[in-house]
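Hi everyone, thanks for coming. Let me put the structure up, and then we'll walk through a couple of spots together.

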Amino acid sequence: MKKFTLFAACAAFALGMNAQTVKFLQNGKEIVSGETVTCTDWENDGFGTFLCDPEISVVSDQNILVDITAEMATESQASTRFIQMCCGGACMIGSDKVVKSGISLTANSAMPLEFETSYWDDEPQTPTIITDIFVCPAGSNEKLAAITVITSAGDGAVSVFEIDNTLVTFSNGELKYEVASPCTLALYDTDGKLFVEKAVTGNGSIDATGIPAGVYVYTLGNKSGKVVVR
């Protein structure tokens, strides 16, 4: 009986140790895992490069070593577009993926990711760059938190979109939407190409017969999600 009680106590302790919560923050406000952040606040560094920093941090409720990955979902443009992350020490930069391994998070102390997307000024217009960022325990593939960052042309702001994959669906060659008040529906493919930008309200549909099959990211008002076109 004592052995069983001791085993149960140890198991409960181990479970508690593994139940850490990791969150992303934007200016101190929680970004729920799965949500989308948009950044249109580009800065010219004076050397021919434009930078967009959505000011994202990561925090854990326990001391933990993590791997943080930023992976560009848009098509790689090795010569003109980059992602960079400097948290925990030296900056790492890449044209498609950056991994910061063995980053030490101190309990309840937010660490800035120092994440930026950038492009060279020889691009004809501001590109849309979609990046998935996720945190795993060091050496593990288990995602503790994950968000999507979209940087694009716009009004110089950073916005957080609540995740809701139910607002836009695909069936019978149409994108069907449901929204409570007037707003804009924007649909991007994983290369960042804008396929739909339309003012909508109420329940309705958009002809999608000309949209290639694939996974798309949408923003609708203050919500975002993903929809599969077949």
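So, which strand does Asn203 lie in? Asn203 lies in strand S18, and Gly202 lies there too, with S18 covering residues 194-207. Strands here are DSSP runs (E, at least two residues), numbered from the N terminus.

Quick background: this is a predicted model, where local features need pLDDT of at least 70, side-chain atom pairs count only at pLDDT 80 or more, and totals for chains, interfaces and linings use all residues. Residues are numbered from 1 along each chain as its sequence is written, and side-chain values use heavy atoms, leaving out hydrogens and water.

Okay, buried or exposed? Asn203 is exposed, at 61% relative accessible area, while Gly202 is partly exposed, at 24%. The cut-offs are under 20% for buried, over 50% for exposed and partly exposed in between, with a 1.4 Å probe and protein chains only.

Now, contacts, meaning heavy atoms within 4.5 Å. Leaving aside neighbours within four places in sequence, Gly202 touches Tyr177, Glu178 and Val179. Asn203, with its neighbours within four places set aside, is in contact with Tyr177, Glu178 and Val179.

And some distances, C-alpha to C-alpha. Gly202 and Val66 are 136 residues apart in sequence and 43 Å apart in space. For Asn203 and Val32, that's 171 residues in sequence and 26 Å in space.

Conventions:
Helices (H or I, at least four residues) and strands (E, at least two) are DSSP runs, numbered from the N terminus.
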